[in-house]
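Please keep the sequence and the structure in view while reading.

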Amino acid sequence: MKKLFSLMLLLATMLTFTACSGDDEPENGISKSDLIGLWDATAVQFNNDGKWIDITNRPDLALSISFYEDGSYYGEGALGDGEGTYTLSGNTIKTYIDGELYGTYVVKSLIGDQAELTLTMEGETIGIRAKKSKINLAPNDESVVIVIKNGNTTRLGSWENKTLEGSHFVLQWFTFDRMRCLHWRTDDYTIDDKGMHVVNINGDNVRATLNSQTFKDLSYSYDGKTLVTRDDIIVHTEYGKLYPSYEEHVYSATVTGDKLTVSDDNMTTVYIKES
């Protein structure tokens, strides 16, 4: 991971970093189950004067960190992209890279999905307010994951939905992997006897011209009833990749045999397992 303040120091070189006292820390500490998850910073404090900077619309300061059950973590955004290990004792989280202490978080408050903490590295401290994502980093249902084995090769199958709207044949497919990544793709074909593609519509093979393709990779979690997807909006700058914002969507989803039914407030879509 890049140095913690590689970007922040450029924006706050005239500010003095001052550590906050721990008088208001939760008395009984925090549990590992409270910590585990994906956290996005919403505000930062560069000194102890009570002034917070809202960074929800500041891609130059956007940052997030994921804490995993196995004692590892991954951070991305303005802090750089990288991974390491962590320990939790009371209200203190210590992060390590290659066995060396990297940064120390002290949790000042943790209520539901909202947290306030300080992060100290090399004697310098900043305040951070963060919100926990709905993404569950330990999904307990993998029934949406399709793994196909053929001899010594393994590949992912897909869930597909096919619709015909006028002269357009639209094919949507999802593949879910065990790394919590949902690969989503849409192919839009225009029905045309002179087309270069052959598509199957209700059992009939017809020629079509591929009109457009759309691809997305989303984070997801699934517990057998609720599917949560997250689309990170990535900005590339001279400092690397930044994740200034994201969109989360919550669906009800059930797997019945070879059918995946996904619903939200607007519509219900049925996907068929394709291998």
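The protein chain has two helices and 20 strands; helices (H or I, at least four residues) and strands (E, at least two) are DSSP runs, numbered from the N terminus. This is a predicted model, in which local features need pLDDT of at least 70 and side-chain atom pairs count only at pLDDT 80 or more, whereas totals for chains, interfaces and linings use all residues. Residues are numbered from 1 along each chain as its sequence is written, and side-chain values use heavy atoms, with hydrogens and water left out.

Of the 275 residues of the protein chain, 40% count as buried. Here buried means under 20% relative accessible area, exposed over 50%, and partly exposed in between (1.4 Å probe, protein chains only). Among contacts (heavy atoms within 4.5 Å) between residues at least 6 apart in sequence, 48% join residues at least 24 apart.

In soluble globular proteins, nonpolar side chains tend to be buried together. A nonpolar core is taken as a set of buried Ala, Val, Leu, Ile, Met, Phe, Trp, Tyr and Cys residues joined through side-chain atoms within 4.5 Å. The largest such core holds 26 residues, of which F67, Y86, I93 and I128 touch the most other members. Two or more residues of this core come from each of β1 (37–45), β3, β7 (100–111), β8 (114–121) and β9 (124–132). The greatest contribution is that of β8, with four residues. A second, separate core has 17 residues, including V144, V145, A253 and V262.

Leaving aside residues up to four places away in sequence, F67 touches L35, I36, G37, W39, S72, Y73, Y86, I93 and L137. The aromatic contacts come next. Rings of Phe, Tyr and Trp (its six-membered ring) pair if their centres lie within 6.5 Å; planes under 30 degrees apart count as stacked, over 60 as edge-to-face and the rest as tilted. A search of the whole structure finds six aromatic pairs. Because F67 lies in strand β3 (residues 63–67) and Y86 in strand β5 (residues 82–89), the pair ties together parts that are 19 residues apart in sequence. F67 is buried at 4% relative accessibility, and Y86 is buried at 8%.

Another pair is formed by F174 and F176, whose ring centres are 6.1 Å apart and whose planes stand at 70°, so this pair is also edge-to-face. F174 is buried at 10% relative accessibility and F176 at 2%. F174 and F176 belong with Y220 and Y271 to one aromatic cluster.

The charged side chains form a further set of contacts. A salt bridge is a side-chain nitrogen of Lys or Arg within 4 Å of a carboxyl oxygen of Asp or Glu, and by this rule there are seven. E142 forms one with R178, the closest N and O atoms being 2.8 Å apart. Since E142 lies in the loop between β9 and β10 (147–150) and R178 in the loop between β13 and β14, the pair ties together parts that are 36 residues apart in sequence. E142 is partly exposed, at 36% relative accessibility.

R230 forms a salt bridge with E248, with the closest N and O atoms 3.9 Å apart. This pair links distant parts of the chain, as R230 is in strand β17 (residues 226–237) and E248 in strand β18 (residues 240–256), 18 residues apart. R230 is buried at 2% relative accessibility, whereas E248 is partly exposed at 21%. D40, R230, D232 and E248 are linked in a network of salt bridges. R230 also lies over the face of Y246, at 3.8 Å from the ring centre; a charge sits over a ring if NZ of Lys or CZ of Arg is within 6 Å of the ring centre and within 35 degrees of the ring normal. Likewise, the charged end of R129 sits over the ring of W52, 4.1 Å from its centre.

Which side chain of opposite charge is nearest to R180, a buried residue that has no salt bridge? It is E142, 7.7 Å away from R180, where Lys and Arg count as positive and Asp and Glu as negative, with His and the chain ends not counted. R180 lies in the loop between β13 (168–176) and β14 (181–191). Not counting residues up to four places away in sequence, R180 touches Y68, N136, L137, P139, L218, S219 and Y220.
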